Amino acid sequence: MDRWTGKVAVVTGASSGIGAVIAKDLAKARMVVVGLARRVERIEALKADLQESVSSRLHAVKCDVSKEEDILQTFKWVEEKFGGVDVLINNAGIVRQMELLDADNTEKLREVMDTNVMGLVLCSREAYQSMTKRSVDGHIVHINSIAGHKVLDYPGMNIYFASKHAVTAITETMRNELRNAGTKIKVTSVSPGAVRTEILPELMNATEFPMLEAEDISEAVLYVLGTPPRVQIHELTIKPVGEKF
């Protein structure tokens, strides 16, 4: 991680769960971290648990990644404040528990796709523009899911599986575009199994089966970022021991 000391990382969905732990760990690794969230006050609260030398490197910005105008304003602010983006962690994701074929569910379905897919694409686009503008060999990490590689018969997950399958395809599309453009920018998909976070449906949280912790995913992110410039982790799948998925 030494190559990233003093560099700028943007973490979406940084107010809780995986994103919060990643934001803290990157700040501890001496990166300048911009945590994005709708509930920005929760990122500010995270700083209270950190040493001053670490908390001073964590910056909270209110941003709803389902809204393009928020994304554009945020990346412009990052450029003006810190010069640009070197690392992007696309962590923001939501689940709206319902059935795909339920009546009057259009708004909720769009919320999932706008956050999990379009938000990821637009943040990646702006990060890429920032990296290429400054000739930076940056790194984009998508927090995907095992749901991006198979469809489980699990009630209420509706379009979530499709949104994560889209992330898998988008990762490979981005890799092709980055290579064809002659850049050395890396892109990695990290696909966890069940992680104990707020995003899990209540039924899943109440079920007894193995789960990962958010810290496990953050450690994986630091691992892929810490690889030498010649190494690119394409896909990293992480499951708790004993998981049946």
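**View 1. The structure holds 1 cavity of 30 Å³ or more.** This is a predicted model, where local features need pLDDT of at least 70, side-chain atom pairs count only at pLDDT 80 or more, and totals for chains, interfaces and linings use all residues. Residues are numbered from 1 along each chain as its sequence is written, and side-chain values use heavy atoms, with hydrogens and water left out. A cavity here is a set of points, on a 1 Å grid over the protein atoms alone, where a 1.4 Å probe fits but cannot get out. The largest cavity has about 40 Å³ of space, a volume being the space filled by probe spheres set on the points.

**View 2. What lines the largest cavity?** Look for Thr12, Val65, Asn90, Asn91, Ala92, Thr115, Asn116, Gly119 and Leu120; lining residues have an atom within 4 Å of a point. Helix α5 gives the most, with 4 residues. Sorted by class, the lining has 3 nonpolar, 6 polar and no charged residues (Ala, Val, Leu, Ile, Met, Phe, Trp, Tyr, Cys and Pro count as nonpolar, Asp, Glu, Lys and Arg as charged, the others, Gly among them, as polar).

**View 3. Helix α5 packs with helix α6.** Residues 106-133 form α5 and residues 160-180 form α6 (helices are DSSP runs of H or I, at least four residues, numbered from the N terminus). Their axes, lines fitted to C-alpha atoms over the stretch in contact, lie 9 Å apart at an angle of about 15°. That makes α5 roughly parallel to α6, a label for angles under 35 degrees on a scale from 0 to 180 degrees between N-to-C directions.

Terms used:
Helices (H or I, at least four residues) and strands (E, at least two) are DSSP runs, numbered from the N terminus. Angles under 35 degrees count as roughly parallel, over 145 as roughly antiparallel, 65 to 115 as roughly perpendicular and the rest as oblique. On a 1 Å grid over the protein atoms alone, a cavity is a set of points where a 1.4 Å probe fits but cannot get out, and a pocket is an open set with protein on both sides within 12 Å along at least five of seven lines; lining residues have an atom within 4 Å of a point.
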